[in-house]
Amino acid sequence: MNHDETTEGGCLCGALRYCIGGPVGPAVHCHCAMCRRSGGGAVATWVCVARDRFAFTKGEPRVYRSSAQAERRFCPRCGAQLTFWSERHPDIMDVTVGTLDRPESLRADYRIRTDSRLPWLHLDEDQRGYRGDMPAEA
Ligand SMILES: [Zn+2]
Ligand SMILES: [Zn+2]
């Protein structure tokens, strides 16, 4: 949990910038295949923030409806994926940790969708892992 007043980030090319007011976290590694495809990495690392505290401050993202209830926002110029939002948790915005200006300020606390983990990928096994989504009480 990071209690900095504001957290900022943006895409690779700089066309999109965002700002998060207030606390951010927790951060989670997601092993699911959709996160792999959309981000291109072996795992996606997200930080959960209150949706009403997240705002784009520069540029207009493109929205990709990746499932019936979920939207992913990305830069139309460089393709960087910035956010994930689901109707299942409408008050939460997930932000890609890799697009934060200071990703080193956060540590992922959990791993989710571990049933989809690539067999050669090993992360910190001290972290709590869930085969599906993180339970609400976590
Ligand atoms: Zn960009
Ligand atoms: Zn995922």
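Guide: His 29 stands opposite Arg 111 in β10. The model is predicted: local features need pLDDT of at least 70 and side-chain atom pairs count only at pLDDT 80 or more, while totals for chains, interfaces and linings use all residues. Residues are numbered from 1 along each chain as its sequence is written, and chains are lettered from A and ligands numbered from 1 in the order in which they are written.

Visitor: How many helices and strands does the protein chain have?

Guide: Helices (H or I, at least four residues) and strands (E, at least two) are DSSP runs, numbered from the N terminus. The protein chain has one helix and eleven strands, in the order β-β-β-α-β-β-β-β-β-β-β-β along the sequence.

Visitor: In which sense do β3 and strand β4 pair, parallel or antiparallel?

Guide: Two strands pair if DSSP finds at least two bridges between them. β3 and β4 (residues 44-50) are antiparallel, with four bridges; Val 28 has Trp 46 of β4 as its bridge partner. With strand β10 (residues 108-112), β3 runs parallel, again joined by four bridges.

Visitor: Which residues of strand β3 are buried on each side?

Guide: In a regular strand the side chains alternate between the two faces of the sheet. A residue is buried if 20 or more other C-beta atoms, placed from the backbone, lie within 10 Å of its own. In β3 (residues 27-30), Ala 27 and His 29 are buried on one side, and Val 28 and Cys 30 on the other, leaving both faces covered. Of the 138 residues of the protein chain, 31% count as buried.

Conventions
Buried ≥ 20, exposed ≤ 12 C-beta atoms within 10 Å, placed from the backbone.
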